[in-house]
Number of protein chains: 2
Amino acid sequence: MTLQRTPIHITDAVARVIKHTKETKIETIDYLDSYGRFLAEDLYANEDLPLFNKSAMDGFAIRSVDSIGASGDNRIAFKVVEELPAGKTSDYTLKENEAFRIMTGAEIPTSADAVVMFEQSKAIDDTLFTIRKPFEPNDNIAMRGEEVKTGELVVPKGTLINPGVVANLATFGHGKVRVHQLPKVAVMSTGSELLDVEDKLTRGKIRNSNTPMIISQLKRMGIEAKVYRFKTDELDEILEIFKELTSDFDVVITTGGVSVGDYDLLPKVYAHYDAEVLFNKVAMRPGSVTTVAKLNDTLLFGLSGNPSACYSGFELFARPSILKMLGGKNIYAPIVEATLGADSKKANPFTRFIRAELEYTGGTLYASPAGFNKSNAVTSIARSNGVIILPSGSRGFVAGDQVKVMLTDVTSGTPSFLLTEDD
Amino acid sequence: MTLQRTPIHITDAVARVIKHTKETKIETIDYLDSYGRFLAEDLYANEDLPLFNKSAMDGFAIRSVDSIGASGDNRIAFKVVEELPAGKTSDYTLKENEAFRIMTGAEIPTSADAVVMFEQSKAIDDTLFTIRKPFEPNDNIAMRGEEVKTGELVVPKGTLINPGVVANLATFGHGKVRVHQLPKVAVMSTGSELLDVEDKLTRGKIRNSNTPMIISQLKRMGIEAKVYRFKTDELDEILEIFKELTSDFDVVITTGGVSVGDYDLLPKVYAHYDAEVLFNKVAMRPGSVTTVAKLNDTLLFGLSGNPSACYSGFELFARPSILKMLGGKNIYAPIVEATLGADSKKANPFTRFIRAELEYTGGTLYASPAGFNKSNAVTSIARSNGVIILPSGSRGFVAGDQVKVMLTDVTSGTPSFLLTEDD
């Protein structure tokens, strides 16, 4: 009556998905649109940074040799010969005890070799000032190439383009940047009990919350998804839709329809099209029926119809896969240790995921179950910013135990999946 | 010669900014566009969840009374009288040893009170199955209202609309949601040394990296900014632009022009328009000259022109202020304890910010300086996902020391600023 399924460990399941994930093609986009994408090429310094010796302070550029012997009792006077705001340059050669009035960022003329900060000087009049201490060569000067030299690697390929990367693209003159294309993603929920958000509830029906949730999980990653609806449990109709989807999309995310129910038709769809089923049972709760299959070059994520299982299934499998498509290097959500903030006594033969409310209190990260905890729970997802991962085994857990938590609200990631077969 | 400035503590500076920040007006938007905004109203359950007793499993709905006495030696048989996929309901009244074939999510007919999972049954033929254990009332049934009851608070106002909140909006039928408007933000850099990204570098000039960086910091918050350029250091021209900006925008972010240089004209702009200067010196490095002023209802963030100082100044002051405008409750970036991954021996009279590379390794969060560390550094920003905060004092820090780190890559936050006057 029910399809025979062999559960595999989460780490194995994640590895299978990633192994079958390919990067999308590379495209060139405007650098101001690149936030949230990943560099498809290494970013090298194409010039020294700074490109010239520049003043690190507002003050006066002098010849340090002229400052030798200066002290409180022996103030040395300088005469200002020219003013240099940032962006202005001078080829004037300083003579003894002459100085440029110079602003932060301005090029140091070759005849000067130290900068006196305004605060280190005393004005006599508009063009005359004195100092009370000697200056060393290069004092208050940012030296050419001190940050990066031409040819050095600045940001490696596969790095998330964060605001700092955008600043570097600007610095090195890259108005265009090469990135992997956004994968085309389709989302749809199965189940004839589902109503749309503004439909009036009728007996036995519920509103579809999985589709908008996944759309938002994708938005969090910068991806706009195309939504499909099949308000049918008719196999023929679903087969027809799938034919279209797998030719048009890189990723098809479905919710529901992968369990053992009479109307769970996705296993039949995979079989009909001879899709390669990477797994159809994972040793985890909730969401053990999560199925991932590959058809041509399209990855089919068959998530559970239970909201909580659907949520963590997306974060666990679909997110790293999509980040790999985007060319990302650190594609896995960080998994950190936290102190359990409340008991969780339910024992489980499988690794258990619990939506968690994380609190950074003092030096300790506390993770507490975010409320009602059943696979069909939806309210707790709203309060969660992480997922507690309790290892399989018969014992429950109590407040104060150290547990692992997958962070779901960070853009940083890790290059390898941080669970092991022991978790 | 230089404006007299009194440095205030960072905590005081942040408090002044937030005190002078007002929420924007409320607007109603489509719930599918609401990811990343904040709820402007409490979200209450407008119906029980679940709304009806429903099957938690695929199996058979029975009268538990009929299962009394079942055992391996005494299997009890049931006859299937109707099939109930999710969404279908039945008013049929079960007679003795009759059952519904029922799928997960389907309404439990009133005459049934327990569900036998497929795996707990043995099929005799298409309409007949047996069980080997008794069932209790409500076994494998999700009870009406067990997750939330009508009238309960589900998500409080001020909460970030994450994918879970969107799922709840869907569940309770809110196709529209009330949120605070996106503040109108203008960004501009000052300094006649600045070139645009695709300009050829000429002597003494650099490309403007602060504007694109801030645009991306705003994008990370879901805000599209309007960019202004003033390639002039002429006061009259800047005054004219500011008049327009302060009438059109809620927030004006400038970079550069707030220090003590001859061309640092923003203090003159604030004075000319009689803006309320909240502070113009903060006891921190880099970015001590960071200035925030208020003119009518516009907040003017005068960030340092040094990229590193500009970056942390934005995260420290502009970000929480903008999140408050959006109606956010947890507006401050989490500040957590981490283990310093490398020495940072430079002593400093002021609190010191260092762009940090965070690594979640095992149970420990390591924070290491993200490379070249001067206020004019731009490359280290690309590698940072946090900011190390070293307290003022004469001593340096060594690898292994516990330090505080402000996380800059998370959407979660805290309701109060986690630094104190002791930091």
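Between chain A and chain B, 34 residue pairs are in polar contact, both residues being at pLDDT 80 or more; a polar contact is a pair of N or O atoms within 3.5 Å, where within protein one must be able to donate a hydrogen and the other to accept it, and residues adjacent in sequence count only if both atoms are side-chain atoms. On the side of chain A that touches chain B, α2(A) gives the largest share, nine residues. By class, this side of chain A has 44 nonpolar, 28 polar and 25 charged residues, where Ala, Val, Leu, Ile, Met, Phe, Trp, Tyr, Cys and Pro count as nonpolar, Asp, Glu, Lys and Arg as charged, and the others, Gly among them, as polar.

This is a predicted model, in which local features need pLDDT of at least 70 and side-chain atom pairs count only at pLDDT 80 or more, while totals for chains, interfaces and linings use all residues. Residues are numbered from 1 along each chain as its sequence is written, chains are lettered from A and ligands numbered from 1 in the order in which they are written, and side-chain values use heavy atoms, with hydrogens and water left out.

Twelve salt bridges are found across the interface of chain A and chain B, a salt bridge being a side-chain nitrogen of Lys or Arg within 4 Å of a carboxyl oxygen of Asp or Glu. One of them joins Asp91(B) to Arg203(A), with the closest N and O atoms 2.9 Å apart.

In chain B, helix α2 (residues 163-171) is largely enclosed by the rest of the structure, because nine of its nine residues are buried, that is, under 20% relative accessible area with a 1.4 Å probe, protein chains only. Helices are DSSP runs (H or I, at least four residues), numbered from the N terminus. At the start of α2(B), a side-chain oxygen of Asn162(B) comes within 2.9 Å of the backbone nitrogen of Gly164(B). After α2(B) comes Gly173(B), with a positive phi near 80°.

Conventions. Helices (H or I, at least four residues) and strands (E, at least two) are DSSP runs, numbered from the N terminus. Buried means under 20% relative accessible area, exposed over 50%, partly exposed in between (1.4 Å probe, protein chains only).
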